[in-house]
Amino acid sequence: MLPLRLLFRDWRGGELALIASALVLAVTCVTAIAHFTDRLTRAMEQQSLTFLAAERVLRSSQPVDTAWLDKAEELGLQQGQIIQFASMISANDQFQFVSVKAVDSGYPLVGHLEIRRSQDASSEIVQQGPPPGEAWIESRLMPLLEINLGDSIGLGDTQLKVTGLLEREPDRGTSLFDMGARVLANVHDLPASGVIQPGSRVRYRYLFAGDDQALKEYFSWLKPQLTEHQRILDLREGQPRVASALNRAERFLFLAASLAVLLASVAVGLAARRYGLRHTAYVAVMKSLGAGRNKVLAIYLGQLGALTLIATALGLALGSFIQAQAVNLMAGFFPVAPPTSHWSPLLVGLATGLACALGFALPPLFRLARTDPMQTLRKDWSNPDKREWLGLILGPSAMLLLIWWLSGSLAMTLALLAGMALLVGGSALVNQLLVRGKLASLGGAWRIALGSLQRRAAFNTLLIAAFGTGLLAMLALVFARTALIDEWRMQLPEKAPNHFLLNIAPTDVNGMRQMLEKEQVSSTEFYPMVRGRLIAINDTPTKELKDRPNGVRRELNLSWTENLAPDNRILEGGWWDKTSEGVSVEVELAAQLNLALGDQLRFSIGGLEVEAPVASFRSLDWNSMRPNFYMLFAPGTLEGFPATYITSFYLPPENKLLINDLVRSYPSVSVIELDKIILRIRDTIDQVSFAIESVMALMLIAGVLVLIAGVRASIAERLQEAAIIRTLGGRRRLLLKSLVLEFGLLGSAAGLLAAIGAEATLIVLSQRVFELPLMLHPSLWLLGPLVGAILVGIAGTLACYSSVSQPPLKVLRELA
Amino acid sequence: MSAILSAENLYHRVSTSEGPLTLLNNISLQLARGESLAVTGASGSGKSTLLGLLAGLDKPSEGKIWLAGEEITAMDEEQRAAVRARCVGFVFQTFHLLPGLTARENVMLPSELRGERGAAKRAEEFLAKVGLEHRLSHYPRQLSGGEQQRVAIARAFASFSGEDAILFADEPTGSLDAGNGAKIIDLLFKLNAESSTTLVLVTHEQRLAERCATHLQMSAGAVESYESLTGDDNLSEVSA
Ligand SMILES: Nc1ncnc2c1ncn2[C@@H]1O[C@H](COP(=O)(O)OP(=O)(O)OP(=O)(O)O)[C@@H](O)[C@H]1O
Ligand SMILES: [Mg+2]
């Protein structure tokens with residue numbers, strides 16, 4: 001067991017600690033992040049499932065064949081049912097138009113309801129809807145109907161006792177067109193009520209949950225049988241916006257984990273290189289004592305193996321521990337109770353340990369085994385071995401495979417690679433510029449700093465690349481995160497309209513406008529709305545179109561206006577003046593339908609047909625929370641058809657009661673309370689950004705540790721140099737200043753490089769992964785060098801401080 | 001006595017950025033068991049190169065070398081390493097102790113590389129012979145130059161595992177002051193006599209060279225003079 005004994009002896013000399021701690025650090029970071037992202041991703045997925053109140057939902061406009069439900073039963077799936085429709089309810093001769101949601105005992109399969117049993121009780125969590133004969137209502141309905149808890153409301157021919165105030169439904173907000181206040185009832189009461197008549201607009205939702213295999217089997221059986229009126233909703237389809245936010249967050253977290261791996265590998269690479277150099281002398285001596293190449297390899301592979309094993313095990317344990325602590329600390333922030341850990345993050349940690357050790361520590365060892373024993377007889381130890389290609393290829397390709405595996409995205413891996421390639425090439429260049437510069441003329445400390453930089457030119461290239469990677473990671477993360485969150489913010493602008501009013505009778509428009517003005521609520525324009533179907537394009541019936549786009553499969557809301565809304569932009573064609581006619585088409589729908597300017601569109605509206613030429617293509621922002629239309633007509637074309645009006649406005653929470661006044665004054669108007677939906681989305685975004693910030697913090701710590709590991713690698717040399725300068729009469733102040741200068745310069749060089757690399761990475765990421773618009777970041781170019789100088793300056797100076805502070809005699813003696 | 005080390009028409013050339021360079025030019029020599037050879041010459045004349053080749057650290061470009069009855073020029077690196085492990089010991093100018101290992105561990109190293117048992121005990125014996133029995137667990141940085149060289153000598157003698165033992169010393173006093181250097185040389189010759197080791201010594205010092213039975217003087221990679229110093233008996237002088 002020579003290798004082990006050598007390992008422990010060498011350890012006692014304090015020299016293997018660096019490579020081991022780099023490895024531990026690497027595995028710890030990755031394991032912690034992998035654990036954390038794994039649990040968070042699963043928590044967020046679970047959270048998103050609550051938006052559906054199930055794992056899968058079958059939506060239908062008619063009751064489905066009971067054979068379908070039996071089949072699900074057979075496969076052991078859990079089931080629930082929702083029947084949703086708009087209806088009038090009555091109490092005390094008051095009538096209200098409400099949105100009734102009748103549920104069975106299965107609902108909700110995922111998530112929970114929150115209700116209050118009395119007006120001043122606090123809310124409680126329940127896992128089922130109301131029992132037959134009871135109903136839960138939103139508190140807003142109580143004054144409107146002049147009822148109290150315990151009173152009854154009439155739904156069609158039945159009376160339901162109001163036993164709870166509904167605070168929260170998991171799946172509220174799955175549709176923007178939930179009209180009116182909510183009444184939650186039990187499906188068993190529906191037949192007796194008689195409110196569902198043939199022709200009523202009713203939506204059926206069948207909820208499913210169960211194990212993945214059974215779900216998969218069930219839905220692949222079901223899918224071919226679905227009609228046009230039926231659709232399967234899952235996590236991604238059910239909530240496109242949340243799903244895409246989740247998807248992006250997931251990618252982002254994996255990107256962070258990948259960068260952590262990269263940082264870690266740089267640390268291991270630095271340490272391993274150092275280790276190899278230091279051991280060249282050892283190996284030359286051992287060889288002269290009779291160790292052959294195979295023996296040397298065996299010894300060092302044995303050492304590396306033992307070291308890797310121990311360090312990885314330690315890293316796995318530490319990473320799991322840190323992650324568990326972090327999750328416990330943040331339990332409150334998790335959308336749902338944090339799911340328990342999988343074993344897969346451990347696998348990730350193990351793979352990382354192996355990849356770092358094999359990829360970055362193996363090449364120096366092979367090189368070591370080739371050491372020429374004749375060196376022992378020479379006076380210089382520099383042994384330039386040109387066969388470095390193994391080291392240049394093995395490490396990066398190990399990382400590439402690892403990151404690819406981690407991120408599951410070749411695009412992301414290539415983006416990272418692009419940034420890295422730029423960085424390594426650039427660091428050599430920047431280093432040359434730094435060393436060749438005329439800074440030495442600036443004085444004593446500058447000369448010492450530059451001398452130090454010059455002496456370590458080769459090593460500094462590596463250091464710049466390493467610092468650069470760390471900084472690049474941080475910059476890219478900060479800016480990518482900012483871009484993401486900004487985009488989310490933009491999706492939900494402050495004071496974005498949070499209420500929609502629909503079904504406004506033309507005669508009510510003026511009165512309502514005055515009412516809003518009196519309350520100083522500024523609304524968007526009141527748009528007339530006529531429902532119609534696009535039936536032909538240039539006399540070609542749309543029924544004959546290949547894979548018919550959504551826009552022709554259902555009725556569209558058609559509108560007309562004189563003024564272009566602020567979020568709308570004409571891309572082609574012209575907006576109307578007083579005389580022109582035609583229809584302006586939303587540009588993406590136009591592309592789907594292959595429309596050209598001047599094409600004749602024929603619409604069917606309530607049995608009558610209308611034709612209009614395409615006058616313009618228009619882009620618009622669906623996220624503006626304003627009423628928006630695929631088809632906008634010139635004033636005049638649709639005036640003869642019966643229209644209702646729609647508007648939206650921002651209502652501050654303290655004015656919420658205005659809704660009641662509005663509904664009381666105009667009972668036929670439907671109100672959509674977007675603020676509740678927005679609140680739900682905001683919650684999710686807050687959680688996502690918190691997750692990102694936590695990962696950022698971990699990354700920062702990893703970056704600083706890598707930095708220190710890199711600086712410590714040169715500490716022996718520095719100690720000696722500092723001791724010599726001090727013996728020659730140099731002051732400590734001078735040395736300190738030169739240290740600050742040296743690392744400040746190194747840091748700003750690395751920062752500059754990181755800025756370039758981060759910009760490149762961001763460009764690739766924004767194009768290939770996040771699908772954000774292309775943007776340059778001038779602040780990055782300022783921030784990079786500045787943060788680099790400060791961070792590296794402080795960390796480097798601190799890491800080297802002992803070289804300045806130790807008595808020179810002691811240093812010279814120990815290093816002789 | 002049969003020759004334990006002999007070289008025949010050695011040439012050594014290397015290619016450098018300035019073209020091919022001849023380091024050794026037709027060198028032949030013979031050394032009997034228990035004999036001592038001093039190699040002298042100006043700096044850069046090729047002394048260390050010759051030493052390295054004789055010890056099997058590298059292969060000459062041309063010529064043959066027999067060490068302990070085996071032709072090491074016909075061997076590959078692994079085989080030469082095996083010969084070194086058995087028969088060769090080194091003392092270097094700059095000591096070359098492994099800094100992470102204690103004195104005892106440094107001396108244990110050759111035995112451990114051969115996979116022998118009892119390495120620690122053997123190491124302690126040799127350290128006692130060089131007078132360092134009280135510094136067993138000190139690290140090289142805690143020892144003076146002379147002490148470090150004594151550890152290196154102990155390590156060199158711990159390198160032999162059989163009858164055939166050749167000690168190669170490349171300017172063993174080069175990093176030491178005169179007093180320490182003299183002590184080291186005395187020690188070297190004393191141990192050499194005790195265990196009838198063969199000694200190949202590279203040195204600048206004429207005084208030192210004169211204590212060896214054979215003297216090879218080099219100049220620019222070639223033999224300038226090669227003579228056996230008979231007459232006064234070096235060995236008896238040392239043991240006296
Ligand atoms: N691998 C090599 N490549 C190029 N030149 C070499 C190589 N090895 C040795 N030399 C050169 O060969 C010459 C002889 O070197 P060697 O070390 O043997 O000299 P030396 O006699 O030991 O000198 P010193 O007394 O200074 O130790 C020197 O000029 C040295 O620079
Ligand atoms: Mg020499």
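**A:L113 sits in strand β4 of chain A.** The strand covers residues 113-116 (strands are DSSP runs of E with at least two residues, helices runs of H or I with at least four, both numbered from the N terminus). This is a predicted model, where local features need pLDDT of at least 70 and side-chain atom pairs pLDDT 80 or more, while totals for chains, interfaces and linings use all residues. Residues are numbered from 1 along each chain as written, chains are lettered from A and ligands numbered from 1 in written order, and side-chain values use heavy atoms, without hydrogens and water. With a relative accessibility of 0%, A:L113 counts as buried (under 20% relative accessible area is buried, over 50% exposed, in between partly exposed; 1.4 Å probe, protein chains only). Look also for A:I125, which is 12 residues away from A:L113 in sequence. In space, the C-alpha atoms of A:L113 and A:I125 are 5.7 Å apart.

**A:R182 is a buried arginine in strand β9 of chain A.** Strand β9 runs over residues 181-186. Is the side chain of A:R182 buried or exposed? A:R182 is counted as buried, because its relative accessibility is 0%. Its side chain has a partner in A:S99: the two side chains make a polar contact of 2.6 Å (N or O atoms within 3.5 Å; within protein, one able to donate a hydrogen and the other to accept it, and sequence-adjacent residues count only through side-chain atoms).

**Helix α18 of chain A packs through its buried residues.** The helix spans residues 658-665, and its buried residues are A:L658, A:I659, A:N660, A:L662 and A:V663. What do the buried residues of α18(A) pack against? Among the strands of chain A they meet β3 (94-103) and β12 (499-504), along with β21 (644-649) and β22 (670-673). On the helical side, the partners are α4 (141-145) and α15 (509-518). Contact here means heavy atoms within 4.5 Å.

**A:L752 is a partly exposed leucine in helix α21 of chain A.** This helix takes in residues 732-768. A relative accessible area of 35% makes A:L752 partly exposed. Setting aside neighbours within four places in sequence, A:L752 is in contact with A:G784 and A:P785. Between A:L752 and A:L472 there are 280 residues in sequence but 9.5 Å in space, C-alpha to C-alpha.

Over all chains, the disulfide count is zero (a disulfide needs two cysteine sulfur atoms within 2.5 Å).

The shell holds 16 residues (a residue belongs if one of its heavy atoms lies within 4 Å). B:S43, B:G44, B:K47, B:S48 and B:T49 are the closest of them. By class, the shell has eight polar residues, four charged and four nonpolar. In chain B, β1 (3-16), β2 (19-32) and α1 (47-54) each supply at least two residues of this shell. Helix α1(B) gives the most, with three residues.

**Oxygen atoms of ligand 1 lie beside polar atoms of chain B.** How far is an oxygen atom of ligand 1 from an N or O atom in the side chain of B:T49? The distance is 2.5 Å. For B:G44, a polar backbone atom is 2.8 Å from a ligand oxygen atom. At B:S45, a backbone N or O atom is 3.2 Å from an oxygen atom of ligand 1. On its own the ligand exposes 640 Å², and the protein buries 69% of that (Shrake-Rupley areas with a 1.4 Å probe; for residues, only the protein chains shown count as cover).

Chain A has 23 helices and 22 strands, and 54% of its 816 residues count as buried. Its accessible surface is about 35900 Å², with 58% belonging to carbon and sulfur atoms. Of the chain A contacts between residues at least 6 apart in sequence, 81% join residues at least 24 apart. Chain B has eight helices and 10 strands, and 52% of its 240 residues are buried. For chain B, the surface comes to about 9900 Å², of which carbon and sulfur atoms hold 47%. Of the chain B contacts between residues at least 6 apart in sequence, 67% join residues at least 24 apart.

Note on methods
Nonpolar A, V, L, I, M, F, W, Y, C, P; charged D, E, K, R; others polar.
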